[in-house]
Amino acid sequence: MNPSICPGPDVLLARLARGLDVSPPPEHPPSEAYLHDLAVRAGLRDHDVFLVAGLPLPEAALDLEGTAGGWVPSLVQHALALAPADRQSLLIRARTAAGQPRPARTLERPPAAPGPPGFGSLLVHMLALRNLSPSAVAETMCLVSGVCKAASTIRMVRDGVKELDAELLGGFAAVLGVPAAVPAALTGVSGPVRSAGPSPEVADVATLIWEVRHLTEQEVRELGDWAEELSSG
């Protein structure tokens with residue numbers, strides 16, 4: 001297997017299923033129920049698996065305020081410092097904010113993948129759906145995994161200029177909140193030697209990142225301020 005060559009969606013989906021000891025989809029295109037089950041088993045979100053399967057995303061997935069994503073690393077930094085109970089309180093507060101009606105706004109990102117077809121583009125696209133730009137990905141990855149790369153490196157991965165390696169694979173897995181074995185199964189790149197699932201705090205932070213993806217800049221900043229108060233109180 002040459003990990004630098006990205007196969008088509010049907011092969012990628014079969015790889016993911018095989019890595020999870022699941023039978024490949026019985027039909028093409030696969031049903032939403034099959035994709036949802038695969039996402040749950042992998043620890044991914046349904047939209048992530050839609051990307052793997054090459055299926056269009058619902059328009060709501062692109063309802064993002066781009067400037068808000070720049071404040072996510074600060075929110076993550078404060079969330080990581082919290083006690084487990086306080087992180088859960090922060091998650092509840094984030095979900096409550098996310099449940100409020102969203103303001104009318106122009107979609108910030110087009111439905112096309114943010115880069116040429118490839119493994120790097122796929123992973124960066126998953127994080128773009130979490131409203132994380134390459135800069136926000138780099139900062140967040142450093143916080144949750146200790147894999148500290150420049151935003152330019154993330155852009156090179158996205159554009160296929162730099163290939164994925166075990167270190168980067170572990171970093172992307174941490175931001176997604178999944179075991180490194182999941183992106184390893186997709187890409188064919190060997191994961192880190194220690195590739196257990198994310199720690200409880202990293203898993204909570206990955207969930208938090210997903211929950212705040214549609215929030216405004218002000219809402220994300222307010223959550224970060226509240227988390228900072230909790231961590232210092």
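Good morning. I begin with helix α7: ten of its ten residues are buried, so this helix is largely enclosed by the rest of the structure. Buried here means under 20% relative accessible area, exposed means over 50%, and partly exposed lies in between, with a 1.4 Å probe and protein chains only. Helices are DSSP runs of H or I with at least four residues, strands are runs of E with at least two, and both are numbered from the N terminus.

Before I continue, a word on the source. This is a predicted model, in which local features need pLDDT of at least 70 and side-chain atom pairs count only at pLDDT 80 or more, while totals for chains, interfaces and linings use all residues. Residues are numbered from 1 along each chain as its sequence is written, and side-chain values use heavy atoms, with hydrogens and water left out.

Let me return to α7. Its buried residues are Phe 119, Gly 120, Ser 121, Leu 122, Leu 123, Val 124, His 125, Met 126, Leu 127 and Ala 128. Against which helices do they pack? The partners are α1 (9–19), α3 (46–52), α8, α9 (151–158), α10 and α11. Contact, throughout this talk, means heavy atoms within 4.5 Å.

I now take one of these partners, α10. The axes of α7 (residues 119–128) and α10 (residues 166–176) come within 11 Å and cross at roughly 25°. Axes are lines fitted to C-alpha atoms, for helices over the stretch in contact, and angles run from 0 to 180 degrees between N-to-C directions. The two helices, α7 and α10, are therefore roughly parallel to each other. The cut-offs are under 35 degrees for roughly parallel, over 145 for roughly antiparallel and 65 to 115 for roughly perpendicular, with the rest counted as oblique.

On the α7 side, the contact is made by Leu 123, Val 124, Met 126 and Leu 127, and on the α10 side by Phe 172, Val 175 and Leu 176. By class, this contact of α7 with α10 has seven nonpolar, no polar and no charged residues. In this classification Ala, Val, Leu, Ile, Met, Phe, Trp, Tyr, Cys and Pro are nonpolar, Asp, Glu, Lys and Arg are charged, and the others, Gly among them, are polar.

Next, how do α8 and α10 meet? Their axes come within 9 Å and cross at roughly 90°. Helices α8 and α10 are therefore roughly perpendicular to each other. From α8, Val 137, Thr 140, Met 141, Val 144 and Ser 145 meet Leu 168, Gly 170, Gly 171, Phe 172, Ala 174 and Val 175 of α10. This contact of α8 with α10 has seven nonpolar, four polar and no charged residues.

A further pair involves α8. Helix α5 (residues 72–80) packs with α8 (residues 134–145) at an angle of about 10°, the axes being 9 Å apart. Helices α5 and α8 are therefore roughly parallel to each other. Pro 73, Val 76, Gln 77 and Leu 80 of α5 make the contact with Ala 136, Glu 139, Thr 140, Leu 143 and Val 144 of α8. Six nonpolar, two polar and one charged residues form this contact of α5 with α8.

I turn to the core. The largest nonpolar core has 69 residues, and those with the most contacts inside it are Leu 38, Leu 164 and Phe 172. A nonpolar core is a set of buried Ala, Val, Leu, Ile, Met, Phe, Trp, Tyr and Cys residues joined through side-chain atoms within 4.5 Å. Helix α10 gives the most to this core, with seven residues. Leaving aside neighbours within four places in sequence, Leu 164 is in contact with Phe 119, Gly 120, Leu 123, Val 157, Leu 169, Phe 172, Thr 187 and Val 189.

Finally, the loops. Most residues other than glycine have a negative phi, and most peptide bonds are trans. In the loop between α7 and α8, Asn 131 has a positive phi near 65°, and at 2% relative accessibility this Asn 131 counts as buried. Asp 21 lies in the loop between α1 and α2 and has a positive phi near 60°. Is Asp 21 buried or exposed? At 74% relative accessibility, Asp 21 counts as exposed. Pro 29 also belongs to the loop between α1 and α2, and a cis peptide bond, with omega about 0°, joins His 28 to Pro 29. Thank you.
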